[in-house]
Amino acid sequence: MALDGITTAAIVHELKTNLIGGRIDKIHQPVSDEIRFTVRGIGVVHKILASANSSTPRIHITQTSKENPMTAPLFCMVLRKHIGGGKIVDICQPEFERIIIIKIESTNEMGDLTTKNLILEIMGKHSNLILTDESGRILDSIKRISHEKSSVREVLPGKDYVYPPSQNKKNPLVAIQSDFLFSLHLQEGQKLQEFLYKTYTGISPIMAGEICFRAALEPSNSCQQTTTEEGERLFAAFEKVMAEVKQANFTPNIYYHPNSNRVLDFSVLEMAEFHALDHKTFPSVSSLLEGFYQERDHAYHIRQKAHDMRRLVVSNIERCVKKKEIQLKTRKEVADMEIWRKKGELLTANIYAIPQGVTTYRTIDFYDENMGEIDITLDPTKTPSENAQKYFSRYNKAKRTLAALEVQEKQNNEELLYLESVLNAIESASDDADLSEIRTELAESGFVRRQAPKKGAPRPKKAKPLHFISSDGYDIFVGKSNLQNDELTLRTADSNDLWLHTKDIPGSHVIIKTNGTGTASDATLEEAANLAAHFSKAKNSSMVPVDYTLRKNVKKPNGAKPGMVIYLTNRTIYVTPDESKVKEMETI
């Protein structure tokens, strides 16, 4: 998912098409590393997002807005002063680098027309947004880089702007075959894919692999062992890709993993290598980046917000697992308790026949149907009666330990199962309301301190179960937390609705609305079972057992933790979770 030189070229083409001649208005800096501004053209207004975020640097037309701070940051004020009301006269990408320069004409304090350059460097953690004057002097940057931070290149007001250090790569737009083939055969121990992205600017490893695929060559083939005919094929494929860039023949797509809704990659060119995969085509590069990064930013936000809860739950799960290991060890230690009781009774039965001071006594084991003999170890310093009492004492102690152990094991297993269901809910959470409900549940269960609502704060939004519609038109609902599972199963569902849950595996409760009939088609049952398996701990497994029964057969024991129920007269269906089928059933 590299925002490489090819994607940068597509962005530049789109921005030039839409923004040249427009005037910059309403500049804001909602977060420390992001600028938003509007560009007014004839009868049209475009909102622009320019981000120097280390993980998501980009610039594109956007349809979204963000809340702005009460006081504008310094860099935002500098932009307003120098380019507010300015006219965009050019947008370019120097040497096919991941650098975009927006040239803006504006008047200075004296009323003279000047040209400013707004430069976005898309360089991962070194990404930056820099404003320079027409002579190349830096006016300011969204990230100031002093000599202490970088001895290679300072980015500070008053300094001359210089491009980031070159990696001595070549511009692929001006590549010629003779130079390409000469460079190819000079590479020692390098693969074709590596040669492409290490020799030419703006070529990502994924695109290098695509060029090899188009040339019908393996990306892992050795450069030195490549024949002249193969090298010419590789250059032809390389040249064709560059021709698509020059002609702005862009086709923005997101590609997905097979049988999954997980994003594999995005590209602004048609990827022959991924032709068999599911994909989504976007009308513009901006809409592609907007959709991709919105989903990614949202997922990141949810992960960050859930981090403390996940850590708490995982810590408690580890505690339960350790406790379970100790309990298993204790169970092994008391496994011989019946033998101790038997030896005590055998000693009692033979108490007058046992000589004083012996260390071992052999007697007939009348508990054995074959009446075999058994050796009993004795303490020679104790009387036969005292030795018998020692065995009875060990037996009684083990018996008490086992009785307490069974209670503790039951409590620990229930807590472990519950915590795993909470962890599954955290992993499946899709918005803030889900996380708020899970936090409430943990507070009610005593794992976190209940937080009093802030005075005047709005009431948190209540999360709703997921809603799906089967291929036969049945409504299917899926709980996203244990509290929601209880609400859905015990209060929302009717007695003749069908209830599904993964067998002995933490997961969501699933309800099929049967409209009082108590039945559903086989296709609907299979689709609902797929949902139950997908929204469970076993979502990445195969042949997952899913129990189903009528809702009236599901009961909640007194004192049971949220989401914990018992059920009778169930049947079981086995499914392999398929995320693509889940996507097909989603409702808006």
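Rings of Phe, Tyr and Trp (its six-membered ring) pair if their centres lie within 6.5 Å. The model shown in these views is predicted.

**View A. An edge-to-face pair, F195 and Y200**. Searching the whole structure gives 15 aromatic pairs. In one of them, F195 and Y200 sit 6.3 Å apart, centre to centre, with 90 degrees between the planes. F195 is buried, at 0% relative accessibility. Y200 is buried as well, with a relative accessible area of 1%. Both rings belong to an aromatic cluster that also includes F180, F235 and F238.

**View B. A stacked pair, Y418 and F447**. The ring centres are 6.2 Å apart and the planes meet at 25 degrees, so the pair counts as stacked. This pair links distant parts of the chain, 29 residues apart. Y418 lies in helix 9 (residues 384-428). F447 lies in the loop between helix 10 (432-444) and strand 15 (466-469). Y418 has a relative accessible area of 0% and is buried. F447 has 18%; the cut-off for buried is under 20%, so F447 is buried.

**View C. Lysines over tyrosine rings**. K561 lies over the face of Y418, at 5.4 Å from the ring centre. K390 lies over the face of Y391, where the distance to the ring centre is 5.6 Å.

**View D. A nonpolar surface patch**. I364, F366, Y367 and M371 make this patch of about 390 Å². I364 is part of strand 13 (residues 360-364). With 43% relative accessibility, I364 counts as partly exposed.

Notes:
Residues are numbered from 1 along each chain as its sequence is written. This is a predicted model: local features need pLDDT of at least 70, side-chain atom pairs count only at pLDDT 80 or more; totals for chains, interfaces and linings use all residues. Side-chain values use heavy atoms; hydrogens and water are left out. Patches are made of residues with over 30% relative accessible area and no salt bridge: like charges are joined within 9 Å, nonpolar side chains (Val, Leu, Ile, Met, Phe, Trp, Tyr) within 5 Å. Accessible areas come from the Shrake-Rupley method with a 1.4 Å probe; for residues, only the protein chains shown count as cover. A salt bridge is a side-chain nitrogen of Lys or Arg within 4 Å of a carboxyl oxygen of Asp or Glu. Helices (H or I, at least four residues) and strands (E, at least two) are DSSP runs, numbered from the N terminus. Buried means under 20% relative accessible area, exposed over 50%, partly exposed in between (1.4 Å probe, protein chains only). Rings of Phe, Tyr and Trp (its six-membered ring) pair if their centres lie within 6.5 Å; planes under 30 degrees apart count as stacked, over 60 as edge-to-face and the rest as tilted. A charge sits over a ring if NZ of Lys or CZ of Arg is within 6 Å of the ring centre and within 35 degrees of the ring normal.
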